[in-house]
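Please examine the sequence and the three-dimensional structure shown here before reading the explanation that accompanies them.

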Amino acid sequence: MRAPAAAMIGCSVLALCACAAGPNFERPAAPALLDYHGPGDRPAPANVQLAPSAATPQQWWTSFGSDELNALVAEALTRNQTLAEAEANLDQARAAAAATAGGALPQANTQASAVRERINTQAFGFTGFPSPTISLYSLGGSVAFDFDLAGGRRRAIERDEAKAAAQQARVDAAYLTISGNVVQQAILIAGLQEKVAAQTDVLASDQRVLDMVHRAIRAGGQPPAAANTIEAQLAEDQALLPSLRQQLAEAQHRLALYLGRAPSAAPDTQVTLAALQTPAHIPVSLPSELVRRRPDILAAEADLHAATAQIGVDTAALYPSLALNASLTQGAIDPNEIFSSASTGWSVGPSLTAPLFHGGSLRAQLHAANAAQRASLARYQETVLEAFLQVSDVMQALANNQDLVAIQQRAVDTANANVRNTRFAYENGAGALRSLVDAQRQAMRARLAQVDARSAYYQSMAALYVATSADWHAHAP
């Protein structure tokens, strides 16, 4: 009967080792959605194409056709400190996972010592005997192996590997975010530079009108007070320029930060709105596919996986653990005798440990793990909804900004024609000075609004790439 009993015990141990405590992770189901539009939303622009498995270009920023923009992104991807931190955190997470996995293997140690020791004979009840001083030499090793009966260590490995996967997704998300920040910042700078140039042109136009009025005053065609209106308008327009220059400086400093530079080394970018191309096609994955590929969603999913595995770790702590330990020690007071058989000591055997009383702490830890898993699930679902919200908002912004660019272009054309007509009328004595000033004000506002519209259009296009470039891994531009 002993052999069958031993076999049954062995089978039981193998069965326990084959399973792991706690629930197995199940990937959340993808939402059955076919679009990002809400009730009343405008359709996507013609160049935005929804597809079940859209493949966004890995270097998506090249779609704008700007070599300088490409160079800025390439520099940011190699020098940005946020990316350096994310990469270091990934190395740390991978090392932690490797350390946990290493703990599942047999653990072997060796030790050696040489000590000088005085033996207290009085402590052993020997009176009248001197206490000798001896040297004690020892050399040995030990091996231990945890059978991981409840699978707690396997769940810990699963947890730490999931954490490493989450950090990898965060690295991908960081690359995507930084590339998007650089592109949008470069577009913002291009727009501000164009607005500074437009405002400078306005000041030059104001000065031309003022010179024209002064000539009319000297000729007796206008009273001296006629220059007051133009001078006031010139001062008002001059006051707008410092604010634009401040915005431009701050934008350039922010771009320098993205590039890993100090503000004093900010690049003198030559990206212009006029040189940017509008991509002919912007592929966008369907919602059900986006949740399987967008980095921030994948990071939230891996966090949920890690939280689920932690339940197994804390569940396994409630069950007994079985380990096998062995040690061998050679010890002698004479180093020449340390390897003799008489100096050998060894031990080998299993050890079984079972929790008996921990004041409810183990159950409390398991309860906390379950609560953390529910919180991770809620964060995952919120991340998915936020992603859909971002894509929906950006698609609407792109559609509306596209219309706004066309409208503002018509406004600029009309305002410029009005300026030409009123100036011609005024120079030929058929128009009023106030009409000319108002026409120039309208043209200035239209031009600045057009710059804002074009800048917003390209920025929303970049934001759509960032929001939907789910399959992008940009470690080498």
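The paragraphs below proceed from the sheet to the helices and then to the salt bridges. The model under discussion is a predicted one.

The account begins with the sheet. Four strands form an open sheet in the order β2-β3-β5-β6, and their pairing is antiparallel. At the edges stand β2, residues 107-118, and β6, residues 344-353; each has a single partner strand, so one side of each is left without a neighbour in the sheet. Direction ignored, neighbouring strands of this sheet are turned against each other by 20 degrees on average.

The pairing can be followed residue by residue. Strand β3, which covers residues 133-146, is joined by ten bridges to strand β5, which covers residues 321-332, and the two run antiparallel. Leu139 has Gln330 in β5 as its bridge partner, while Phe145 stands opposite Leu324, also in β5. On to the next pair: ten bridges join β5 to β6, and these strands likewise run antiparallel. Here Ala326 has Val348 in β6 as its bridge partner.

The helices come next. After α4 comes Gly220, whose phi is positive, near 85 degrees.

How do helices pack against one another? Two packed helices are described by the angle between their axes and by the distance between the axes. For α4 and helix α7, which spans residues 295-316, the angle is about 165 degrees and the axes are 8 Å apart. Angles over 145 degrees count as roughly antiparallel, and α4 and α7 are therefore roughly antiparallel to each other. Their crossing is left-handed. The residues of this contact of α4 with α7 divide into 15 nonpolar, four polar and eight charged.

Helix α4 also packs with α2. The axes of α2 and α4 come within 9 Å and cross at roughly 140 degrees. The crossing of α2 and α4 is right-handed.

The salt bridges remain to be considered. Side chains of opposite charge can pair when their charged atoms come close. With a limit of 4 Å between a side-chain nitrogen of Lys or Arg and a carboxyl oxygen of Asp or Glu, the count comes to 17 salt bridges. One of them is formed by Glu75 with Arg261, whose closest N and O atoms are 2.7 Å apart. This pair links distant parts of the chain, for its residues are 186 residues apart. Glu75 belongs to helix α2, residues 67-79, whereas Arg261 lies in the loop between α5 (226-258) and β4 (282-285).

Notes: Residues numbered from 1 in each chain as written. Predicted model: local features only at pLDDT ≥ 70, side-chain atom pairs only at ≥ 80, totals over all residues. Heavy atoms only, no water. Pairing = 2+ DSSP bridges. Axes fitted to C-alpha atoms, helices over the stretch in contact; angles between N-to-C directions. Parallel < 35°, antiparallel > 145°, perpendicular 65-115°, else oblique. Left-handed = near helix turned anticlockwise from the far one by under 90°. Nonpolar A, V, L, I, M, F, W, Y, C, P; charged D, E, K, R; others polar.
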